[in-house]
Amino acid sequence: MDLKDKIITLFENSSNAPYTFEELLELLNCEKEELSEQLYELKEQYIIHESKKHRFGLLKQFGLYIGTIDVKEKGFGFILSEDFENEFFVPRTETNHALNKDTVIFRITNENTQEKTEASVVKVIKRSLEYVVGKISETYFQKEFIPIDNKLNIFFEITDYGLSVENDIVKVKIDEFVNDSLVKCHVVEIIGNAYDVGIDVKSIAAKYDFHQEFSKEVINCLEEVVNDYNNFGEDEINKREFIDKKIITIDGKDAKDLDDAISIEILDNGNYLLGVYIADVSYFVKENSALDEEALNRGTSVYLVDRVIPMLPHKLSNDLCSLNPNTNKLVMCCIMEINHDGVVVNYEIKQGVINTKYRMTYDDVNLILNGDKDLQEKYYDIVDELFKMNKLSKILNQMRYARGSLNFDIPEPKIIVNEIGQPISIELRERFDGEKLIEEFMLIANETVASCINQLDLPFIYRVHDVPSMDKLTRFNKIIKNTKYSFKLKKNQKITPKVLQNLLADVGEEDYAINTMLLRLMAKAKYDVYNIGHYGLASNCYTHFTSPIRRYPDLLVHRLLKKYLIDGEVDIESQKYNHNIISLAAVQSSKKERDAISCEYEVNDMKMAEYMEMHIGEEFEGTISSVTNFGLFVTLPNTVEGLIRIGTIKDDYYEYKESLMSLCGKNNKKMYRLGDKIKVKVLSASKEKKEIDFIIPFKTNLNMIKYSKNNKTRGKYEKRRNSSHRKK
């Protein structure tokens, strides 16, 4: 153990910390200069802290913690820390000029109360802001940079505008934080002109460092791969087993990157033989190549309204790797024997070559399963297989349900835009049997692959999902007790997925706000080298194997499968190397997944606001999806969400009651609650701010609650309301 580890161990195991420098010298029996050097490094890494009285200890021994702050538009924020399950509210006056997503040292300010919920920022230790996207404006021959994020209360001093001109949308790199309100930066990229079609989406993508174009180095690497495959591809095909089965792909009608195909048979013993064939991207993207480094940097493909920003160049994603029909393609196979309880009783994972028979769409498969005679006749030779697949998918779904797998069933929007990118319609994405059977088959393949390597106890990348916070679930339970839903929490009870599943099963489609709230309280799934299971799927072991064209972890899984199962590289040195590679890839992939989700949400928010700009003054019926001290968020059936600001509710003074998740009228006793139906009028919408404001158009609203001190009266009203909402 080196001196640095000894220092940390001493602090962790001692009740006498913090210590003076002299006390540490005596306890550690080390050289003065060496101790001074190690203490300095530990302070720079924010592992330890030195007080004004020059005493040393871990941060928490001084009541200090590290977290990430989420700063809201009005200036206040919330801190999340690995040291705590709950988040901390930071008043506007206590953010210490921290910006959104900054890493900060904070102190709990109400630690004498029962619930430690408030904090103040002591110091910003890492700025999240490295690049900013904005517009070049010119006034009196003087250029100015205006960020597209109107929440940034910072002045940007541009030291080098490069070749940018007025109305260019550019990306700048921050070189120096001069102070909390001034930064120096320079233009590193011209994204396009402010009047270009699609520049709005392109600007947001650039903000999250997602780009359509690939570097010259990557393109050169791609050309070498294409040349090699053209010269030696047949040799590789001849080395592999050809899978001679009725293999089909099922995807959306617009999909071009087809990375999964399936086949099905009934064995003599009555079990199903399910084949899942995944494009062998790892054959083309070699480890440590420019293509590999770019794929890791991007982490994932990003799907933004009218475009896809791919993880890999189109030559790979849409051609060489894509499982296009009637063409020999390299694949990794997971072939599973599954019994009628949905249990995989045998499996084989191997390399192969396939030639898919049909490129099917979800729409056609759904029509066939629903009895469309014309399509059944057109695809007569695979109709039987499609019905077998559908039956097996329902068996697998029932198996997952029986063990507690959660299905939040949150509505997702499909934003339709015209040729110049303007939204013309917002619809709900619908999932039928065709979509569900592919989902079930991919889930079971992912689980089977993960279990295979987990049993071998070799380094691997897992998709993990931690158990939810008990504090958050307790708070959630308090809130929904005021609705017709609840679940019983016993003291020290373990909240298994089954407990939450039973609750979700009772929630009607019309009350998806409850599902949304619970989903927000759940831990976020991520990638990790350590397997802790997947809570949401109620799975002991899970990974991502089935989408290597669009997700880097899947590509890495393929690479590891080849190393372990085909090449037999399981020696200690190889395992150490793989562990390090996986750890880095897991962190990067998790980050880029979060970036992609944030990017997709921001683009959707912008397009929804742009769409609602054309509907100002119109009335809609929606559902209260969140209640805050500044107003009500209302979600329309097409998932558009807007805010009713508390100041616009004029019929009474309303008080926010967090425990009830409601706004309560002081005099009229009206209550606006989570999940209530309400009629709204569009007051305003702003594409630039990505905001929509609603108002209440009249006094009487659907499901408006009047509460009374007379419990019998309220009980009768609640009973009537609950019966009208019960799912039939």
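His97 is found in the loop between β6 (88–90) and β7 (103–108); helices (H or I, at least four residues) and strands (E, at least two) are DSSP runs, numbered from the N terminus. The model is predicted, and local features need pLDDT of at least 70, side-chain atom pairs count only at pLDDT 80 or more, while totals for chains, interfaces and linings use all residues. Residues are numbered from 1 along each chain as its sequence is written, and side-chain values use heavy atoms, with hydrogens and water left out.

The phi angle of His97 is near 65°, a positive value in a residue other than glycine. His97 counts as partly exposed because its relative accessibility is 48%; buried means under 20% relative accessible area, exposed over 50%, and partly exposed in between (1.4 Å probe, protein chains only). Asn167 also is not a glycine and has a positive phi of about 75°. Asn167 lies in the loop between β11 (155–160) and β12 (168–179). Another backbone feature is the cis peptide bond from Ala17 to Pro18, with omega near 5°. Pro18 sits in the loop between α1 (3–13) and β1 (19–20).

## Aromatic pairs

A pair of aromatic rings is described by the distance of the centres and the angle of the planes. Rings of Phe, Tyr and Trp (its six-membered ring) pair if their centres lie within 6.5 Å; planes under 30 degrees apart count as stacked, over 60 as edge-to-face and the rest as tilted. A search of the whole structure finds 17 aromatic pairs. Phe88 and Phe106 are a tilted pair because their ring centres are 5.4 Å apart and their planes stand at 45°. This pair links distant parts of the chain, with Phe88 in strand β6 and Phe106 in strand β7, 18 residues apart.

Phe88 has 0% relative accessibility, so Phe88 counts as buried. Phe106 is buried too, with 0% relative accessibility. Ring pairs link Tyr65, Phe84, Phe88 and Phe106 into a cluster.

## Salt bridges

Side chains of opposite charge can pair when their charged atoms come close. A salt bridge is a side-chain nitrogen of Lys or Arg within 4 Å of a carboxyl oxygen of Asp or Glu. The structure holds 39 salt bridges.

Lys690 is in the loop between β32 (677–686) and β33 (691–695), 88 residues from Glu602. Glu602 counts as buried because its relative accessibility is 12%, whereas Lys690, at 22%, counts as partly exposed.

## A surface patch

Leu456, Leu565 and Ile566 form a nonpolar patch on the surface, with about 230 Å² of accessible area together. Patches are made of residues with over 30% relative accessible area and no salt bridge; like charges are joined within 9 Å, nonpolar side chains (Val, Leu, Ile, Met, Phe, Trp, Tyr) within 5 Å. Accessible areas come from the Shrake-Rupley method with a 1.4 Å probe, and for residues only the protein chains shown count as cover. Leu565 lies in helix α16 (residues 552–566) and is partly exposed, at 35% relative accessibility.
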